[in-house]
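Work through the exercises below with the sequence and the 3D view open. Try each task before you read its solution.

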Amino acid sequence: MNLAEGVQVVSFGLLTIMMISSALGVVLLKNIVYSAFLLGGVFMSMAGLYLLLNADFVAAAQVLIYVGSVNVLILFGIMLVNKQQDFRVLPNAGLRQIATAVVCVGLFALLSTMVLSTPWSVTATVVSIESSAIAIGEHFFTDFLLPFELASVFLLMAMVGAIVLARRDFIPDASNTPTTTTSLLMLTERPRELISVSGSSDESPE
């Protein structure tokens, strides 16, 4: 075994331990914030395993999509809706835990049997593989240029629509029906209240 293979084996072991321990923490910890942070650790360790398999594009997508958007969205949702509430004791909780443990052990045994019974081909020759990011980029800008550009336009339309829905300052009124072509393209503004500068605005001037 040369140095490169040793580094790969050690990296695989460390990433595997990190992923399994983080996954156990996600399931076993009672604090949901800690579970969400450990879920990010699971995603990061999976990205590292993708890098060991020379799948650099999948690893980058794993970090950008799952860690950068999904996990952050989960954390924001947890922290914005942080209701302190104790867990209720469910009836027959012990029986439920035993059933869950049996299902998990069965799945683990099934996956272990599949891994051990599969004839894995191990070769000592190093195969030069082109980077997947380069190959996917070439396909995006040659064979799939039109769908790629259409997807970007659709995403831009969705972003602009979300901004308009979030920033518009109007109350829909059925009585105010637009009559001209220009008013069809404009949003009805919310009636604004006049705020007096002096405190005696209600008194009529003499």
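The exercises go from the whole chain to single residues.

This is a predicted model: local features need pLDDT of at least 70, side-chain atom pairs count only at pLDDT 80 or more, and totals for chains, interfaces and linings use all residues. Residues are numbered from 1 along each chain as its sequence is written, and side-chain values use heavy atoms, with hydrogens and water left out.

**Exercise 1. The whole chain**

Find how many helices and strands the chain has, and what share of its residues is buried.

Step 1. The chain has seven helices and zero strands. Its pattern along the sequence is α-α-α-α-α-α-α.

Step 2. Sort residues by relative accessible area: buried is under 20%, exposed is over 50%, partly exposed is in between (1.4 Å probe, protein chains only). Of the 206 residues, 11% are buried.

Step 3. The chain exposes about 17,600 Å². Carbon and sulfur atoms supply 70% of that area.

Step 4. Look at contacts, meaning heavy atoms within 4.5 Å. Take those with a separation of 6 or more: residues 24 or more positions apart account for 48% of them.

**Exercise 2. Ser35**

Decide whether Ser35 is buried or exposed, and list what Ser35 touches.

Step 1. Locate Ser35 in helix α2 (residues 32–52).

Step 2. Check the accessibility. Ser35 counts as buried because its value is 10%.

Step 3. Leave out residues up to four places away in sequence. Ser35 then touches Gly25, Val26 and Leu29.

**Exercise 3. Helix α4**

Step 1. Count the buried residues of α4. The number is zero, so α4 lies largely in the open.

**Exercise 4. A nonpolar patch and its rings**

Name the residues of the nonpolar patch, then find which of the phenylalanines are linked by ring pairs.

Step 1. Like charges are joined within 9 Å, and nonpolar side chains (Val, Leu, Ile, Met, Phe, Trp, Tyr) within 5 Å.

Step 2. The patch holds Phe57, Val58, Phe140, Phe141, Phe144, Leu145 and Phe148, with about 610 Å² of accessible area together. Both α3 (56–80) and α6 (145–167) supply at least two residues each.

Step 3. Rings of Phe, Tyr and Trp (its six-membered ring) pair if their centres lie within 6.5 Å; planes under 30 degrees apart are stacked, over 60 edge-to-face, the rest tilted. The count comes to three aromatic pairs. One of them is stacked: Phe140 and Phe148, 4.9 Å centre to centre, with 20° between the planes. Phe141 and Phe148 have ring centres 5.4 Å apart and planes at 65°, so that pair is edge-to-face.

Step 4. Ring pairs link Phe140, Phe141 and Phe148 into a cluster. Phe140 sits in helix α5 (residues 132–140). Phe140 is partly exposed at 32%, Phe148 is partly exposed at 31%, and Phe141 is exposed at 52%.

Note on methods: Helices (H or I, at least four residues) and strands (E, at least two) are DSSP runs, numbered from the N terminus. Accessible areas come from the Shrake-Rupley method with a 1.4 Å probe; for residues, only the protein chains shown count as cover. Patches are made of residues with over 30% relative accessible area and no salt bridge: like charges are joined within 9 Å, nonpolar side chains (Val, Leu, Ile, Met, Phe, Trp, Tyr) within 5 Å. A salt bridge is a side-chain nitrogen of Lys or Arg within 4 Å of a carboxyl oxygen of Asp or Glu.
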